[in-house]
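Morning, everyone. Please look at the screen, and I'll walk you through one protein chain.

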Amino acid sequence: MRKSLLFIPANHPAMLQNADIFESDSVIFDLEDGVHLTEKDAAKDLLISFLDTFKLSDLEIIIRINKITDLKEIMHEQIDTILLPKADQKSLLLLDQTLTTLEKKFKLKKKIGIIALIETPESVLNALDIAKQKRVNGLLLGAEDLATYLGVSRTLEGHEIEFARNMVIYAAKTYQIDAIDTPFVNTNDLSGLKQDTLYAKSLGMSGKACIHPNQIDLINTLFLPSIEDIKYAQKILLAKEKADQEGLGAFSVDGKMIDQPIIKRAQNIIEKSKG
């Protein structure tokens with residue numbers, strides 16, 4: 001379950017070495033915007049050297065590539081997922097073909113997944129088609145680039161990305177993949193991060209990217225179900241078990257009739273509570 005995904009610039013040795021102590025569910029080693037144009041080759045060399053030297057366990061390793069041809073230089077057995085910037089159907093098809101070729105060449109034992117970065121107006125409108133492409137197991141909203149395309153400023157309230165958030169969520173949920181919210185860029189404003197995260201969660205986002213380690217704990221906590229939600233879900237599932245034993249098709253909890261969608265939601269809450 002991806003609650004928190006931490007961006008780490010791939011040209012930053014100290015942060016690379018601490019990647020597995022930050023307690024995010026995933027790390028995104030960044031070869032794109034987080035690395036200056038003059039340092040991209042050095043960043044690829046450093047990343048490969050790091051992956052050759054350090055074994056990262058219980059942590060999803062994601063690479064945000066700068067371009068698909070980067071993969072020939074950085075392919076590694078520790079990579080779980082590729083984050084594709086400005087994803088569209090054409091680039092996703094090329095990425096799938098490239099990964100298929102490289103997986104065979106490097107004799108990898110696993111199939112590498114893809115998170116599509118939704119950060120242009122076109123990709124927002126095509127989110128449903130993007131979500132159904134091969135290997136895509138998550139959509140990540142890139143609100144900063146999107147705001148630039150739209151010619152608007154980012155705000156704490158986020159009204160300017162409301163439509164894009166909903167498009168990402170509905171497309172992702174349709175194909176039962178992760179809907180990942182855009183990072184909150186003010187790393188000193190934890191109150192604003194909390195407000196932004198709770199709102200994204202209330203819309204249906206399943207996790208959130210972050211750009212600083214001090215954002216991880218709060219995001220992890222907020223994307224876990226509350227104690228009250230867990231207790232109510234447990235009560236529903238116990239009542240269902242009793243109803244099944246008594247051969248009852250319908251039952252109620254606290255005066256409310258419980259039907260299949262509510263049971264499914266309770267099961268999801270218990271599953272999410274396991275972290």
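How far apart do the end C-alpha atoms of residues 3–213 lie? They lie 14 Å apart. That span is 40% helix and 19% strand. Helices here are DSSP runs of H or I with at least four residues, strands are runs of E with at least two, and both are numbered from the N terminus. UniProt lists residues 3–213 as "domain: HpcH/HpaI aldolase/citrate lyase", in an unreviewed entry. Such annotations may be inferred rather than shown by experiment.

A word on the source. This is a predicted model, where local features need pLDDT of at least 70, side-chain atom pairs count only at pLDDT 80 or more, and totals for chains, interfaces and linings use all residues. Residues are numbered from 1 along each chain as its sequence is written, and side-chain values use heavy atoms, leaving out hydrogens and water.

Now the whole chain. The protein chain has 12 helices and 10 strands. Its radius of gyration, taken over C-alpha atoms, is 20 Å. Of the 275 residues, 48% count as buried, meaning under 20% relative accessible area with a 1.4 Å probe, protein chains only; exposed means over 50%, and partly exposed is in between.

Last, two loop residues. Most residues other than glycine have a negative phi. Q176 has a positive phi of about 55 degrees. Q176 sits in the loop between α8 (162–174) and β7 (178–181). D254 also has a positive phi of about 55 degrees. D254 is in the loop between β9 (251–253) and β10 (256–258). Buried or exposed? Q176 counts as exposed, at 74% relative accessibility. D254 counts as exposed, at 55%.

Note on methods. Rg over C-alpha atoms; globule rule 2.2 N^0.38 Å.
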